[in-house]
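Dear colleague,

Please find below the structure that I am handing over to you. The findings follow directly after it.

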Amino acid sequence: MRRKDRQMPKEWAINIADKCEWATLAMTAPDGYPYCVPLSIARMENFLYFHCAKSGKKIDCLKFNPNVCISCVGDTKRLDDEFSTLYESAIIFGKAEEVTNDDEKICALRAISLRHTPNNMSHFDEAIKRSLAITSVWKVSIDHIDGKSKHR
C-alpha cells in the first residue's frame with residue numbers, strides 16, 4: 001500500500017466487508033480481459049459468500065481462474081471545502097470455490113438474506129424450496145485483506 005498513513009488493521013477491514021452495502025468482484029475472463037460485477041455478500045468466518053445463476057460470464061471467469069479480488073466500500077463523505085472524499089474501504093484477495101453441499105449453500109443463503117433482507121425472512125424456507133436447485137453459491141477465501149481510510 002502506497003499510503004501507509006491510511007492503512008488500517010485487518011479487523012477494521014473485515015468490519016468494512018461486514019457492513020458494506022455491496023461489494024465488487026474482480027475476475028479474469030477466459031479472453032484475458034478483466035471482468036467485475038457488484039455482489040451482495042455475507043461473511044462467515046474466513047469466507048465471503050455470494051449467490052448467482054448457475055451459468056453466465058461470472059461462472060465462466062471463476063472456472064477459468066479462481067483467483068479474485070473483492071472491493072468493499074464503507075462510509076464515504078464528499079468534502080465541500082476541498083477536492084477530496086473521506087472514505088473507508090477494504091480490498092480482499094482470495095480464491096473462489098463453488099459451494100456444492102446443500103447445507104452449506106442454505107447456511108450461506110440464510111446469512112446473505114439476513115444481512116440484506118432481514119424483514120423478509122419469513123419467506124426464506126419457501127424461497128429455498130423453490131430455488132435452491134437453480135441457485136449457485138460461491139465462497140471466496142479471505143487470503144489477504146487490506147483496509148484503508150481517509151479521515152480528517
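**Salt bridges and a helix contact**

In this predicted model, the count of salt bridges comes to six.

Lys19, Asp75 and Glu88 are linked in a network of salt bridges. In the pair of Asp75 and Lys19, the closest N and O atoms are 2.9 Å apart. Lys19 is partly exposed, with a relative accessible area of 36%, whereas Glu88 is buried, at 13%.

Turning to the helices, the axes of H3 (residues 102-116) and H4 (residues 124-131) come within 11 Å and cross at roughly 130°, which means that H3 is oblique to H4. The crossing is right-handed. Ile106, Leu109, Arg110 and Ser113 of H3 make the contact with Phe124, Asp125 and Ile128 of H4. By class, four of the contact residues are nonpolar, one is polar and two are charged.

Arg110 and Asp125 also form a salt bridge, with their closest N and O atoms 3.8 Å apart. This pair joins helix H3 to helix H4 across 15 residues of sequence. Both residues count as partly exposed, Arg110 at 34% and Asp125 at 49% relative accessibility.

With kind regards

Definitions and conventions: Residues are numbered from 1 along each chain as its sequence is written. This is a predicted model: local features need pLDDT of at least 70, side-chain atom pairs count only at pLDDT 80 or more; totals for chains, interfaces and linings use all residues. Side-chain values use heavy atoms; hydrogens and water are left out. Axes are lines fitted to C-alpha atoms, for helices over the stretch in contact, and angles run from 0 to 180 degrees between N-to-C directions. Helices (H or I, at least four residues) and strands (E, at least two) are DSSP runs, numbered from the N terminus. Angles under 35 degrees count as roughly parallel, over 145 as roughly antiparallel, 65 to 115 as roughly perpendicular and the rest as oblique. A crossing is left-handed if the near helix is turned anticlockwise from the far one by less than a right angle, and right-handed if clockwise. Contact means heavy atoms within 4.5 Å. Ala, Val, Leu, Ile, Met, Phe, Trp, Tyr, Cys and Pro count as nonpolar, Asp, Glu, Lys and Arg as charged, and the others, Gly among them, as polar. A salt bridge is a side-chain nitrogen of Lys or Arg within 4 Å of a carboxyl oxygen of Asp or Glu. Buried means under 20% relative accessible area, exposed over 50%, partly exposed in between (1.4 Å probe, protein chains only).
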